[in-house]
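Here is a friendly walk through one structure, written for a reader who likes to check contacts atom by atom. Have the viewer open and follow along.

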Amino acid sequence: MGLDKNQIAQRIAKEVKSGYYVNLGIGIPTLVANFVRDDIEVEFQSENGILGMGPFPFEGEEDPDLINAGKQTITALPGASFFDSATSFSMIRGQHVDLTILGAMEVSQNGDIANWKIPGKMVKGMGGAMDLVASAENIIVAMMHTNRAGESKLLKTCSLPLTGVHCVKKVVTDLAVMEIRDNAFHLLERAPGVSVEFIKNATEGDLIVAGDIPEMQF
Amino acid sequence: MITKTVSNVQEACEGIQDRMTFMLGGFGLSGIPENCIAELVRRNVKGVTCISNNAGVDDFGLGLLLQKKQIKKMISSYVGENAEFERQMLSGELEVDLIPQGTLAQRCLAAQSGIPAFFTPAGYGTEVAEGKEVREFNGKMHIMERAFKADFAFVKAWKGDTAGNLIFKGTARNFNPNMCGAATITVAEVEELVPAGTLDPNQVHIPGIFVQRIFQGTAYEKRIEQLTVRKRG
């Protein structure tokens, strides 16, 4: 039951509008590019210094001087540009990037997000995530509803070190689409075949359910 | 014209001492100053602080200095690709300052451009903000971050000329231009060193004024960290 990672990406792709510059985080967010309709004019930014990021190169055409923020080999589409890191974060902090899609370990009902550190266990660093969440107007979190231990990742208060505060507006999980406002998760859509009751049980934070909740359309 | 050319990496690294602070360009293994890193390993300089977005992988990039325990402190935004790094950090052998990537770039740029400090919203409300001045601008909270201070900046460019002008390629540009002129001495290694007058001034990314020493690099390995390809057809 619930969506797989590609289906989560497919649902999020519907949020990408024509004319958007979009920053995609590592993991599920990277998959979103595969599902944006051809008639949508969009440019993907990778914070290591490219606008107009294209798909992976054909075998044998990979270039060590052309990678994305996940250090994967990529291509540049017609109209692409390269720039230095400070310019890249001017685009982000200056709110020139329209949409940021990133993963998370925890999200709280006031819009806080934690995704960079598990004290004593995992210390990889925040990369560009703190700059992105502090500045973007439009942030969508893509993640599984619960962690590997089956515990909710949608909480009243985050328990892990924060990446940013009061910043997440929308969350798309394998179970549901939710909006965050007025210190609560508002259920907008549910995954096909998943009941409201099931989503409620998987959500530790306050979940507001108003009226009939439609199933996601793809 | 003022000539910035030195004959090799040994001459370029003249004056390096233990306990200095170095800036190193690159994102992952892309655009790293491979020749200078090899020279730092060869000289076995100890107790250094490295400002670099990443820490290389176990057997390449800054990972080579980590292996020989030459680094006292790392200032980076993401260090996830290096198991030796994680081991030294968790055991307390290595001091680590993890900072947001945009803040890292801007602290280089501030040093380059003579701005002592600036305010950014990145990290507000997180442990990154601890001990830092907080101010509200336009209804939004910001934290104060300071320009870096470094002894040497090591950068890698695609092409350069004898006047120190630099041109970068693709996403190997990353932090390299921001670190030029951000330290007391900036050393640029290039894949192709050409006589002054050869590069089109319209195409120069970094003017030679930000560079003190430039040399023709050799034997670039340019390792790919994550090879991702698609099938034809």
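## A salt-bridge network

B:Glu191 has a relative accessibility of 27%, so the residue counts as partly exposed. Keep in mind that this is a predicted model. The side chain of B:Glu191 meets that of B:Lys156 in a salt bridge, with 2.8 Å from N to O. The two come from distant parts of the chain, 35 residues apart: B:Glu191 belongs to strand 10 (residues 185–194) of chain B and B:Lys156 to strand 8 (residues 152–161) of chain B.

A network of salt bridges links A:Asp63, A:Asp65, B:Lys156, B:Lys169, B:Glu191 and B:Lys222.

## Where the two chains meet

On the contact count, 50 residues of chain A touch 51 residues of chain B. Together the chains bury about 4300 Å², and carbon and sulfur atoms account for 57% of that area. Three residues stand out on chain A: A:Asp65, A:Lys71 and A:Lys124 provide 18% of the area that chain A buries against chain B, more than any other three residues.

Polar links across this interface include 6 salt bridges and 30 residue pairs in polar contact, both residues being at pLDDT 80 or more. The side of chain A that touches chain B draws at least two residues from each of helix 3 (85–93), strand 9 (122–123) and helix 4 (129–135) of chain A. By class, that side has 22 nonpolar, 15 polar and 13 charged residues. One of the salt bridges joins B:Lys231 to A:Glu59, whose closest N and O atoms are 3.0 Å apart.

## Helix 4 of chain B

Which residues of helix 4 (residues 83–90) of chain B are buried? They are B:Glu84, B:Phe85, B:Glu86, B:Gln88 and B:Met89. These buried residues pack against strand 9 of chain A, and also against helix 3 (63–67), strand 3 (71–76) and strand 4 (95–98) of chain B.

At its start, a side-chain oxygen of B:Asn82 comes within 3.1 Å of the backbone nitrogen of B:Glu84. Just after helix 4 of chain B, B:Gly92 adopts a positive phi of about 90°.

## Salt bridges within each chain

Over all chains, a search of the whole structure finds 24 salt bridges. In chain A, A:Lys156 and A:Asp206 form one of them, at 3.6 Å from N to O. This pair also connects distant parts of the chain, 50 residues apart: A:Lys156 lies in the loop between strand 11 and strand 12 (170–172) of chain A, and A:Asp206 in the loop between helix 5 (196–201) and strand 15 (207–208) of chain A. A:Lys156 is partly exposed at 41% relative accessible area, and A:Asp206 is partly exposed at 34%.

In chain B, a salt bridge joins B:Arg42 and B:Glu39, with the closest N and O atoms 2.9 Å apart. Both sit in helix 2 (residues 34–43) of chain B, and because they are 3 residues apart there, about one helical turn separates them. B:Arg42 is exposed at 55% relative accessibility, whereas B:Glu39 is buried at 3%.

Chain A holds an open sheet of 3 strands in the order 7-6-11, with mixed pairing. Strand 7 (113–114) and strand 11 (154–155) of chain A are its edges, each pairing on one side only. Strand 6 (residues 106–108) of chain A runs antiparallel to strand 7 of chain A over 2 bridges. A:Glu106 has A:Ala114 in strand 7 of chain A as its bridge partner.

Methods
Residues are numbered from 1 along each chain as its sequence is written. Chains are lettered from A and ligands numbered from 1 in the order in which they are written. This is a predicted model: local features need pLDDT of at least 70, side-chain atom pairs count only at pLDDT 80 or more; totals for chains, interfaces and linings use all residues. Side-chain values use heavy atoms; hydrogens and water are left out. Contact means heavy atoms within 4.5 Å. Buried area is the accessible area (1.4 Å probe) that two parts lose on being put together, summed over both. A salt bridge is a side-chain nitrogen of Lys or Arg within 4 Å of a carboxyl oxygen of Asp or Glu. A polar contact is a pair of N or O atoms within 3.5 Å; within protein, one must be able to donate a hydrogen and the other to accept it, and residues adjacent in sequence count only if both atoms are side-chain atoms. Helices (H or I, at least four residues) and strands (E, at least two) are DSSP runs, numbered from the N terminus. Ala, Val, Leu, Ile, Met, Phe, Trp, Tyr, Cys and Pro count as nonpolar, Asp, Glu, Lys and Arg as charged, and the others, Gly among them, as polar. Two strands pair if DSSP finds at least two bridges between them. Buried means under 20% relative accessible area, exposed over 50%, partly exposed in between (1.4 Å probe, protein chains only).
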